[in-house]
Amino acid sequence: MQVPLIQLQCGKVGQESAAAKFAAATESAKFSIENEKPYAELWMGTHPSLPSKDVETQRSLLDLVQDNKALMSTEISRKYGEKLPFLFKVLSIRKALSIQAHPNKKLAEQLHAKDPKNYPDDNHKPEMTIAITPFDGLCGFRPLKEISHFLATVPSLRELIGEEAAKEFEEGVGGRETSNSAEDTERNKKSLQAAFSALMNKDKSTIAAAAKDLVASAEKDGDDFAGGGGPSNRGKELADLVVRLNGQFEGDVGLFVLFFLNYVKLEVGEAMFLKADDIHAYLSGDIIECMASSDNVVRAGFTPKFQDIPTLISMLTYSYAPISEQKMKPVDYPYVTLNRTAYSSSSSAILYDPPIEEFSVVKTELKAKEAKATFEAIEGPSVIICTAGSGKISVGPKTQQVKAGYVFFVGATAECILESDSECFTTFKAFCELSGKETANGVH
């Protein structure tokens, strides 16, 4: 397939962008990388704003799956309006993406009906991120004890939120931060929402003034910044983060939001899942991203784009947990057969299976020439991208060469075979199957 590439200022520049290098691999795209330009996102799917195209016919994938419902299966076509249920992306991030959340299905329908310009569709957007280079980001609310620690050790944060709001938070969660009772959890969430709202509703001039004090402290205090950091992050790590982000978005409210959110680093192959209504901001790195097919974003910081702070404050779940609870634990994918060469070279196929039905992803690494992986046919569509090495893909009687950046659509009920002709042939396959055995435990 020929897949669209998006240029955004947040993207990595020139050859540093994995998204750009993958887009340039498809010769029919007639695209060459310009070394001074930023390239942020590669989209693979049927989303109406940027559908992929068949390389040979130049027909959009959206047209193809609507003309032939068997390509996705009749059941999936009917349930998801004759469009792929997922959108598969490569993101190459140099500069922080906005502090954001994606609406659940009901809210998406309401926002789209009220403001279709800023909310272009009526779908929810749970998403999964898999690092293909080292990545960092802000994801989900921190454990409450960490937030209390920062309110006590970052004077500009406490002053900005206000003494009364800070005390109400501390008293509201004190002694109950890790309680599992439903009553305490609900009370904690209300306290968190109140404190977070107090921050987000401050006017820009007040935030900018507080940010100057925050950045000065970060530059001066080093290891001692923010009381030496919390359990999850060292003081110097947070100080460097504040200075770095201020260089990108000077005086932004996001400089204070980071004390409420988990700061996470993912190594290559690590992944995390974000439910609808989970707050996050991606900061840097190259990632594979898979999501329900939507482009709805509610933004509230680190962006010159439209911000909808009231909606963000009201929509969040205010769930709080250490980042370890958001990181995924991939498992061996059981519905693939590796040949002897693949086994002897420690090749692998691992499954990232989030708790939703729209998508799952399999990462396959074939670590020797002639290593082969045969995937059983499934009752649903797949999109495959190669991120490293080279090899071949065979579907039915048709075999095609594959190299980094090549993208293929595989229709329902088709067996798929990947074979390496390099020392490390890496692919990611996004797929959907509403029933059957295409998950680790055999059910969704």
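## A question to start with

Which residue in S22 does Phe375 stand opposite? That residue is Cys416. Keep in mind as you look around that this is a predicted model.

## The five-stranded sheet

Five strands make up an open sheet, in the order S14-S17-S22-S19-S20, and their pairing is antiparallel. At the edges are S14 and strand S20 (398-403), each of which pairs on one side only. From one strand to the next, the twist averages 20 degrees.

You can walk across this sheet pair by pair. Strand S14 (residues 336-338) runs antiparallel to strand S17 (residues 372-375), and three bridges join the two. Here Thr337 stands opposite Thr374 in S17. S17 also pairs with strand S22 (residues 416-420), again in the antiparallel sense, over four bridges; this is where Phe375 stands opposite Cys416. Next, S22 pairs with strand S19 (residues 390-395) over five bridges, also antiparallel. In that pairing, Ile393 has Leu418 of S22 as its bridge partner.

## The six-stranded sheet

There is also an open sheet of six strands, with antiparallel pairing and the order S13-S15-S16-S23-S18-S21. Strand S13 (331-332) and strand S21 (407-410) are its edge strands, each pairing on one side only.

## Helix H8

Helix H8 covers residues 182-200.

Several residues of H8 are buried, among them Asp184, Asn188, Ser191, Leu192 and Ala195. The buried residues also include the run Phe196, Ser197, Ala198, Leu199 and Met200. As a reminder for reading such a list, an α-helix has 3.6 residues a turn, so residues three or four places apart point the same way.

## Aromatic rings

The structure holds 14 aromatic pairs. In one of them, the rings of Tyr333 and Tyr335 have centres 5.9 Å apart and planes at 85 degrees, so this pair counts as edge-to-face. Both Tyr333 and Tyr335 are buried.

Phe196, which is buried in H8, belongs to an aromatic cluster together with Phe141, Phe260 and Tyr318.

Is His102 buried or exposed? Its relative accessibility is 2%, so His102 counts as buried. This residue is found in the loop between strand S6 (100-101) and helix H4 (105-114). A polar atom of the His102 side chain lies 2.8 Å from the backbone oxygen of Asn296. Not counting residues up to four places away in sequence, His102 touches Lys125, Glu127, Ala276, Asp277, His280, Asn296, Val297 and Met315.

Lys83 lies in another loop, between helix H3 (74-79) and strand S5 (86-93). With a relative accessible area of 30%, Lys83 is partly exposed. Thr46 is 37 residues away along the chain, but the C-alpha atoms of Lys83 and Thr46 are separated by 6.0 Å. Leaving aside neighbours within four places in sequence, Lys83 is in contact with Thr46, Pro48, Leu62, Gln66 and Met72.

## Positive phi angles

Phe302 has a phi near 55 degrees, a positive value in a residue other than glycine. Phe302 sits in the loop between strand S12 (298-299) and helix H13 (309-315) and is buried, with a relative accessible area of 1%.

Glu370 also has a positive phi, near 75 degrees, and is likewise not a glycine. Its place is in the loop between strand S16 (360-366) and S17. At 54% relative accessibility, Glu370 counts as exposed, whereas Phe302 is buried.

How values were computed: Residues numbered from 1 in each chain as written. Predicted model: local features only at pLDDT ≥ 70, side-chain atom pairs only at ≥ 80, totals over all residues. Heavy atoms only, no water. Pairing = 2+ DSSP bridges. Buried < 20%, exposed > 50% of the residue type's maximum accessible area, 1.4 Å probe, protein only. Polar contact = N/O pair within 3.5 Å; in protein donor to acceptor, adjacent residues only side chain to side chain. Contact = heavy atoms within 4.5 Å. Expected span 1.5 Å × (residues − 1). Axes fitted to C-alpha atoms, helices over the stretch in contact; angles between N-to-C directions. Phe/Tyr/Trp six-rings, centres within 6.5 Å; stacked < 30°, edge-to-face > 60°.
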